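Subject: Handing over a structure

Dear colleague,

I am passing the structure below on to you, and my notes on it follow. Please read them with the model open beside you.

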Amino acid sequence: MHPSAVEGSRCLAMRSGRLAAPASKGRYAAIIGALATGGFVIGLSEFAIMGLMPNVAHDFHVSEQAVGHLISAYALGVVVGAPLLAILGGRLRRKTLLMGLMALYALANLLSALAPTYHWMMAFRFISGLPHGAFFGVAALVAASVSRADRRGAAVARVMMGITLALVIGNPLAVALGQALSWRYAFVVVAIGALATAACLAIALPQTKDENNTNPLDELRDFNSAPVWLSLFTGALGFAGMFCVFSYMATTMLQVTHVSERWIPFAIGAFGVGSLLGAQFGGWMTDRLKQRAIPFSLLGAIAVLVIYTLAAKSSLLIIPAIVLVGTMGTLVPIMQIHLMDVSRGAQALASASNQAAFNVANALGPWAGGVAVSAGLGWESTGVVGAALAAIALLAWCLSPRAFKGHVA
């Protein structure tokens, strides 16, 4: 490990309010569990509406395309809220900030459940997205601060496991509840889960008194550096390929693979399994390879996206290929830790902005795939387009000066 990286880890530990020593096994499990529960609740709210589109559309008397705008409103909330709330919360203790973010998430989702009209729902979904990125950013800092220096990646990956479990387990259950009763009950469950998470955080997180409050202007100055922006660009562009495929996955299976609609839930579950495996592998990679894990992860992304394109016409290969696409989640903990290392005194802001970058990817990927399909290249071309985006990210990373990438505060 490069000496500057070691020093960067020490700086991160001090600024994150690290305990005098890594937390005991029991305390560590409780903290990571509480943070992962928050991730599960957020994932439930983010993904459930995708499966409940017809129900929401029917209730508000709008098209399913209009319901898609509600998803975009949430993503916009993430992009806006991630840096904004990270800066505004810089003077708060991590425990207080995380509990406050969960309380806001509970309120916003309860309002979503009670939304009287489509336009009110649009506003409430935007508000729901605001705490998303800041929560994951601060949660990653806390997870890193209570783990051993050589296990930070694994700790962050365990926190991120909550959102992948929401995709695999929580989302199907929420959709079933929404279809059986009303889509509104799914958001009531999210609100209750967010309040329960706040209570778990109150119990699990230690009362640290040695945290250094950050000055917003100082944090913005440290954030505005070339390594931080390169990392955000790489993450957004590299991850866009996954959303390029996932957004059109169901249509590709129906139009290209020629399978029945009954395959779609299995495909979503397969994608979730791949995401779960990928996030854990990403944590393992970043603990062992440090920033070298970034190009390896991008190479893997290119490979699995090409495989998906080749497998799209085969009913035997499409599900395994979708699992592989899900493993692109390796990039999440890798970029999270790298941003925390290169951002000097702006760890909370940079870490939260990583979530904003991934939501930019959520907009860029479907747009690029849509352009290719509209040009007549076929639904399976989304894999090639995604691979091209990941290749551009890899090229930008590799052509950057070594010191530019390797700078660690």
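What pLDDT does the protein average, and what share of the residues score at least 70? The average is 81, and 88% of the residues score at least 70, where pLDDT is the predictor's confidence in each residue, from 0 to 100. This is a predicted model, in which local features need pLDDT of at least 70 and side-chain atom pairs count only at pLDDT 80 or more, while totals for chains, interfaces and linings use all residues. Residues are numbered from 1 along each chain as its sequence is written, and side-chain values use heavy atoms, with hydrogens and water left out.

Confidence is lowest in helix H1 (residues 3–15), with a mean of 42, and highest in helix H5 (residues 94–114), at 93; helices here are DSSP runs (H or I, at least four residues), numbered from the N terminus. Over residues 1–20 the pLDDT is below 50, although this stretch has 41 contacts in the model beyond near neighbours in sequence, a contact meaning heavy atoms within 4.5 Å. Where pLDDT is low, the predicted coordinates should not be read in detail.

H5 also takes part in a helix pair: its axis and that of helix H6 (residues 118–145) come within 9 Å and cross at roughly 155 degrees, which makes H5 roughly antiparallel to H6. Axes are lines fitted to C-alpha atoms, for helices over the stretch in contact, with angles from 0 to 180 degrees between N-to-C directions; angles over 145 count as roughly antiparallel, under 35 as roughly parallel, 65 to 115 as roughly perpendicular and the rest as oblique. By class, the contact of H5 with H6 has 18 nonpolar, three polar and two charged residues (Ala, Val, Leu, Ile, Met, Phe, Trp, Tyr, Cys and Pro count as nonpolar, Asp, Glu, Lys and Arg as charged, and the others, Gly among them, as polar).

Helix H10 (residues 226–247) and helix H15 (residues 331–342) pack at about 170 degrees, with their axes 9 Å apart, so H10 is roughly antiparallel to H15. Their contact has nine nonpolar, four polar and no charged residues.

Helix H12 (residues 263–289) has 27 residues and reaches 37 Å from its first C-alpha to its last, close to the 39 Å expected at 1.5 Å a residue (1.5 Å times one less than the number of residues). After H12 comes Lys 290, whose phi is positive, near 55 degrees. The axes of helix H11 (residues 249–257) and H12 come within 10 Å and cross at roughly 135 degrees, which makes H11 oblique to H12. In this pair, Met 249, Ala 250 and Met 253 of H11 meet Trp 263, Ile 264, Ala 267 and Ile 268 of H12, a contact with seven nonpolar, no polar and no charged residues.

With best wishes

Methods. Helix = DSSP H or I, 4+ residues; strand = E, 2+ residues; numbered from the N terminus.
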